[in-house]
Amino acid sequence: MMSAHSTAWWMGVFSLCLLMTISMPQMQHIAVIGSGTMGNGIAHTFAQFGFKVALIDIKPGALESALVTISSNLDRQMAKGIVSEDDKVAILDRITPYTRLDEGVRQAELVVEAATESESVKLKLFSDLDGLCSKDTILASNTSSISITKIAAATHRPDKVIGMHFMNPVPVMKLVEVIKGYRTSEHTTSTVIALSERLDKVPVEVNDYPGFVANRILMPMINEAIYAYYEGVADAEAIDTVMKLGMAHPMGPLQLADFIGLDVCLSILRVLHEGFGQPKYAPCPLLVNMVAAGQLGRKSGQGFYKY
Ligand SMILES: NC(=O)c1ccc[n+]([C@@H]2O[C@H](COP(=O)([O-])OP(=O)(O)OC[C@H]3O[C@@H](n4cnc5c(N)ncnc54)[C@H](O)[C@@H]3O)[C@@H](O)[C@H]2O)c1
């Protein structure tokens with residue numbers, strides 16, 4: 001039987017938890033920067049789970065095609081019974097497109113940056129965001145490989161800067177790699193972990209080293225597959241079939257590279273090469289040539305396969 005003393009203690013704990021829940025309003029407003037492959041998926045997912053999303057891109061055309069993509073991905077989710085027709089209308093209604101950063105981030109409690117994988121683009125964006133956002137806003141980057149610590153140093157709030165690395169396609173893939181920069185606070189980390197869980201994702205916490213975990217392991221495999229193709233060991237379909245049927249990968253490495261974007265793969269490999277200083281990360285010359293020729297994979301219509 002519980003003593004009066006322990007009952008009072010438990011009631012105290014219960015009231016404290018209740019008070020904390022009431023006094024910590026849940027985040028509602030998210031800004032997503034960049035409406036390309038990842039940005040549209042991130043906006044879709046936050047809106048699907050009830051958040052109001054400002055989707056920001058410097059190119060009006062990119063915003064238009066993002067909304068078309070989100071709508072057709074919602075149709076796919078409807079066909080699978082994941083969302084209803086009413087849900088689709090409500091989800092689209094929660095996404096507002098912006099071309100101006102200052103207007104888009106005005107209400108944001110969390111910003112998820114998913115702009116082009118370029119260090120100079122991200123450093124400028126985070127420095128601007130630091131001046132434009134409320135002092136409590138968490139600034140997350142979906143970067144595949146650029147140092148979170150370096151991005152955080154472009155702001156006056158390094159404790160509130162974190163990596164939130166979603167996987168493609170975002171509405172489908174469960175993982176969020178949560179990257180702690182050198183000065184990211186525990187509070188920021190736990191907030192982002194809880195948010196990822198609200199999106200029905202599985203967050204995994206990692207530290208900030210080149211490529212984090214996902215791309216440090218994935219990109220050398222993709223690069224090796226490109227080398228095998230370049231050296232004429234086998235054609236693209238044969239290489240992908242070996243990895244699909246032999247290693248139970250759901251998609252072959254060359255097709256995956258096309259889906260990620262060959263420009264994105266190249267810039268990640270360059271970060272690994274520079275960050276670790278080891279020749280094993282040097283990008284295959286064929287990848288460099290394909291990117292220079294504008295063959296970027298699925299998004300450009302041609303990569304290792306035609307789309
Ligand atoms: N493609 C993938 O599979 C994948 C997976 C995980 C993470 N990522 C990362 O996500 C980020 C976005 O990649 P993506 O594949 O979606 O690129 P993308 O090229 O498809 O889209 C990038 C978008 O950012 C916009 N943009 C560029 N500068 C901007 C700025 N200053 N303000 C607002 N918008 C700007 C561009 O107009 C473009 O629409 C990158 O950091 C990339 O490394 C990509």
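Is Asp200 buried, partly exposed or exposed, and what is the relative accessible area of Asp200? In this predicted model, Asp200 is partly exposed, with a relative accessible area of 45%.

Asp200 forms a salt bridge with Lys174, and the closest N and O atoms are 3.1 Å apart. Asp200 sits in the loop between helix H8 (186–198) and strand S8 (202–207), and Lys174 in the loop between S6 and strand S7 (175–180), so the pair ties together parts 26 residues apart in sequence. Lys174 is likewise partly exposed, at 44% relative accessible area.

The structure holds 14 salt bridges. One of them joins Asp130 and Arg157, with the closest N and O atoms 2.7 Å apart. Asp130 belongs to helix H6 (residues 119–132), whereas Arg157 lies in the loop between helix H7 (148–152) and strand S6 (161–166); the pair therefore ties together parts that are 27 residues apart in sequence. Both Asp130 and Arg157 are buried.

A further salt bridge pairs the side chains of Lys180 and Glu205 (3.2 Å, N to O). Lys180 is in strand S7 and Glu205 in strand S8, 25 residues apart. Lys180 is buried, with a relative accessible area of 18%. Glu205 is partly exposed at 41%. Salt bridges with shared partners also join Arg100, Asp102 and Glu103 into one network.

Helix packing was examined for H12 (residues 262–276) and H13 (residues 285–292). Their axes lie 9 Å apart, at an angle of about 135°. The two helices are therefore oblique to each other. H12 passes H13 in a left-handed crossing. Residues in contact include Leu266 and Leu269 of H12 and Leu287 and Val291 of H13. By class, the contact has 8 nonpolar, no polar and 2 charged residues.

Definitions and conventions:
Residues numbered from 1 in each chain as written. Predicted model: local features only at pLDDT ≥ 70, side-chain atom pairs only at ≥ 80, totals over all residues. Heavy atoms only, no water. Axes fitted to C-alpha atoms, helices over the stretch in contact; angles between N-to-C directions. Helix = DSSP H or I, 4+ residues; strand = E, 2+ residues; numbered from the N terminus. Parallel < 35°, antiparallel > 145°, perpendicular 65-115°, else oblique. Left-handed = near helix turned anticlockwise from the far one by under 90°. Contact = heavy atoms within 4.5 Å. Nonpolar A, V, L, I, M, F, W, Y, C, P; charged D, E, K, R; others polar. Salt bridge = Lys/Arg side-chain N within 4 Å of Asp/Glu carboxyl O. Buried < 20%, exposed > 50% of the residue type's maximum accessible area, 1.4 Å probe, protein only.
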